[in-house]
Amino acid sequence: MYSSFNHPQPDANGYFGQYGGSFIPPQLQTIMDEITKAYLTIRQEPDFLSELARLYKHFVGRPSPIFHAQNLSEKYGADIYLKREDLNHTGAHKINHCLGEALLAKKMGKTKLIAETGAGQHGVALATAAALVGLKCDIYMGEVDIAKEYPNVVRMRILGATVIPATHGLKTLKEAVDAAFEAYMQDPVNQFYAIGSVVGPHPFPMMVRDFQSVIGNEAREQFHEMNNKHPDHLVACVGGGSNAMGLFSAFLSDSVMMHGVEPAGRDLEKQGEHAATLTLGVPGTMHGFKSYMLQDEAGEPAPVHSVASGLDYPSVGPQHAHLKDSGRVNYAAINDDEAIHAFFELSRLEGIIPAIESSHAVAYAIKLAKEKGPSDILVNLSGRGDKDIDFVVKHYGKQYGIETMVEG
Ligand SMILES: *Cc1c(COP(=O)(O)O)cnc(C)c1O
């Protein structure tokens, strides 16, 4: 089942072609090397693998089913299937790698997990894993985001995590990253910085992909069992790229078309109004690894926007950069309005409220169906939309015929 823990890439230095690697201060490199060594060892250990498999099954609720969305399929003329990561405990795919990272940290004798979070999704998944595995957990979050995403802050606190406000600058995600990094530098021996996607220095892009590959391994088998063939197309949204890598990794040697969907935001022409890194970015180095990135004139990470807070990141996992250059995966962009339209289509045709992030993938599947006609399209439904309903109703309710209560 975990044979996919042995992918041909990356190389021993963490490179996928020219992308990836590790660009960090020497003292951190020593720690990173220890993490790499520990990970390469434990991923061969039957105890670790069976513990992870047990948690996936009995804690997360895996395998997540594949659902043939027949109403959506009939309307748009292709067979659209959903890999239901939205049904996981905590409501998205992030729990898959948070559990893996927490188990590794515990085996390495670390006492505390730390991470930054923007909207709070990674923070909640990590706080959940920390509670289960028995580790302390500090989550760094911008003061502005703490006010905006208060329900997730409460969740993290209930789970026993400490939420630490970042109070400088714009007090959002970037400042939270700074604060978490600073705290990590203070004590990299006892703390484990749990990166939330297939990004960061080696070994994180490899390790997070491996933990997420359970999605693709299950889906490949499940789809074949249902249809006695592979899908024609795979579709997944791409923020940092972990849910997409998790699905794609199992199909890289099959003749299956793959599509990674980035957020085109409000306007693909204007910097700061989108986060379409592979569509419009250039190769560069930030946050400790080489990949495509969106830069401003000074070469700094550019401001980004997406209606889906889980997708607004100015870089992307290095394996995606490599898969783009090699042409193996097609990367496209879906804008805010198209994503919201798909959010309502899936809700009203299938009774499934998707996360706005995942709605980008659904929107692209609808486009593909219209373009290609009869074909089998498998969409990774990375998360559920419960977290998004207040926002959607407030900003788009009227447009979609939802009466809202009179405010004030
Ligand atoms: C965080 C998140 C994403 C984006 O992260 P990736 O690493 O690109 O998968 C996508 N969907 C949901 C539901 C998320 O919570």
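Colleague: Which residues in helix 1 meet helix 9?
Modeller: M32, I35, Y39 and L40 do, and they meet F204, M206, M207, D210 and F211 in helix 9. Contact here means heavy atoms within 4.5 Å. Helices are DSSP runs of H or I with at least four residues, strands are E runs of at least two, and both are numbered from the N terminus.

Colleague: Is this predicted or experimental, and how do you count things?
Modeller: This is a predicted model, so local features need pLDDT of at least 70 and side-chain atom pairs count only at pLDDT 80 or more, while totals for chains, interfaces and linings use all residues. Residues are numbered from 1 along each chain as its sequence is written, and side-chain values use heavy atoms, with hydrogens and water left out.

Colleague: Back to that pair. At what angle do helix 1 and helix 9 pack?
Modeller: About 30 degrees, with the axes 11 Å apart. Helix 1 covers residues 26-42 and helix 9 covers 204-227. Axes are lines fitted to C-alpha atoms, for helices over the stretch in contact, and angles run from 0 to 180 degrees between N-to-C directions.

Colleague: Parallel or antiparallel?
Modeller: That angle makes helix 1 roughly parallel to helix 9. Under 35 degrees counts as roughly parallel, over 145 as roughly antiparallel, 65 to 115 as roughly perpendicular, and the rest as oblique. The crossing of the two is left-handed, meaning the near helix is turned anticlockwise from the far one by less than a right angle; clockwise would be right-handed.

Colleague: What about helix 5 and helix 7, at what angle do they pack?
Modeller: About 15 degrees, with axes 9 Å apart. Helix 5 and helix 7 are therefore roughly parallel. Helix 5 also passes helix 7 in a left-handed crossing.

Colleague: Which residues meet there?
Modeller: Q121, G123, V124 and A127 in helix 5 meet N152, R155 and M156 in helix 7. By class, that contact has three nonpolar, three polar and one charged residues. Ala, Val, Leu, Ile, Met, Phe, Trp, Tyr, Cys and Pro count as nonpolar, Asp, Glu, Lys and Arg as charged, and the others, Gly among them, as polar.

Colleague: And helix 13 with helix 14, how do they cross?
Modeller: At roughly 90 degrees, with axes coming within 7 Å. That makes helix 13 roughly perpendicular to helix 14. The contact has nine nonpolar, two polar and three charged residues.

Colleague: Switching to the ligand. How many residues surround it?
Modeller: 16, and the closest are K94, S197, G241, S242 and S382. A residue is near if one of its heavy atoms lies within 4 Å.

Colleague: Which polar side-chain atoms lie by the ligand oxygens, and at what distances?
Modeller: K94 puts one 2.5 Å from a ligand oxygen. For S197 the distance is 2.6 Å. An N or O atom in the S242 side chain is 2.7 Å from a ligand oxygen.

Colleague: Now the backbone. Where are the cis peptide bonds?
Modeller: One joins R62 and P63, with omega about -5 degrees. P63 is in the loop between helix 2 and strand 3. Another runs from H202 to P203, with omega near 15 degrees. P203 is in the loop between strand 8 and helix 9.

Colleague: What is phi of T90?
Modeller: Near 75 degrees, a positive value in a residue other than glycine. T90 lies in the loop between strand 4 and helix 4. Most residues other than glycine have a negative phi, and most peptide bonds are trans.

Conventions: A polar contact is a pair of N or O atoms within 3.5 Å; within protein, one must be able to donate a hydrogen and the other to accept it, and residues adjacent in sequence count only if both atoms are side-chain atoms.
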